[in-house]
Amino acid sequence: MILGLSISAFTQLHTIISLIGIAAGLVFLVALLRGCWLARWNLVFLVMTILTSVTGFMFPIAAIAPPHIVGAISLVVLAVALVALCVFKRAGIWRAIYAATAVIALYFNVFVLIVQMFQKIPFLNAFAPSQTEPPFAIAQGLALIVFVWAGWRAIRRPV
């Protein structure tokens with residue numbers, strides 16, 4: 001039991017939170033790339049992304065694994081994003097710092113989503129059962145390229 005939920009129910013909750021965070025982050029990122037600031041979408045993205053990382057640490061663990069490392073790094077990145085947004089109001093260099101950290105946090109969630117999809121979806125798992133095969137590397141590489149490009153564009157936008 002985690003927070004009064006079975007592990008299965010908690011896993012579903014964690015997954016829903018993650019997907020909401022990714023969806024809100026993608027909406028926010030597209031708007032940001034178009035020069036628009038969507039405050040509510042940004043809030044949903046930040047809250048759900050923080051909850052994703054926090055709830056990820058609530059699962060029973062035997063040892064520290066890559067998801068824990070990604071979650072810890074994500075929380076550090078999100079802390080910097082919150083400082084840039086809430087303390088410095090994205091003024092001056094903090095606008096670029098916020099854009100970069102928001103994109104990095106969203107990328108981490110998408111990175112984990114790709115891992116989970118290749119683990120859990122039989123069609124994808126057939127192409128990369130150990131996640132060392134080219135289809136997995138291509139999917140992760142394309143995601144990285146897209147997010148590096150989006151981060152660069154978001155930093156250069158005056159929003």
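Figure 1. A search of the whole structure finds one cavity of 30 Å³ or more, a cavity being a set of points, on a 1 Å grid over the protein atoms alone, where a 1.4 Å probe fits but cannot get out. Local features of this predicted model need pLDDT of at least 70 and side-chain atom pairs count only at pLDDT 80 or more, whereas totals for chains, interfaces and linings use all residues. Residues are numbered from 1 along each chain as its sequence is written, and side-chain values use heavy atoms, with hydrogens and water left out. The largest cavity has a volume of about 40 Å³, taken as the space filled by probe spheres set on the points. Its lining (residues with an atom within 4 Å of a point) comprises Gly25, Phe28, Leu29, Leu32, Phe45, Ala102, Val103 and Leu106. Seven of these count as nonpolar, one as polar and none as charged. The helix α1 gives the most to this lining, with four residues.

**Figure 2. The largest pocket.** The largest pocket (an open set with protein on both sides within 12 Å along at least five of seven lines) has a volume of about 890 Å³. Of its 27 lining residues, His14, Phe59, Pro67, Val112 and Gln116 lie nearest the centre. Two or more lining residues come from each of α1 (7-33), α2 (39-56), α3 (66-87) and α4 (93-120); α4 gives the most, with nine. The lining divides into twelve nonpolar, 14 polar and one charged residue.

**Figure 3. Cysteine residues Cys36 and Cys86.** The structure holds zero disulfides, that is, pairs of cysteine sulfur atoms within 2.5 Å.

Conventions
Buried means under 20% relative accessible area, exposed over 50%, partly exposed in between (1.4 Å probe, protein chains only). Ala, Val, Leu, Ile, Met, Phe, Trp, Tyr, Cys and Pro count as nonpolar, Asp, Glu, Lys and Arg as charged, and the others, Gly among them, as polar.
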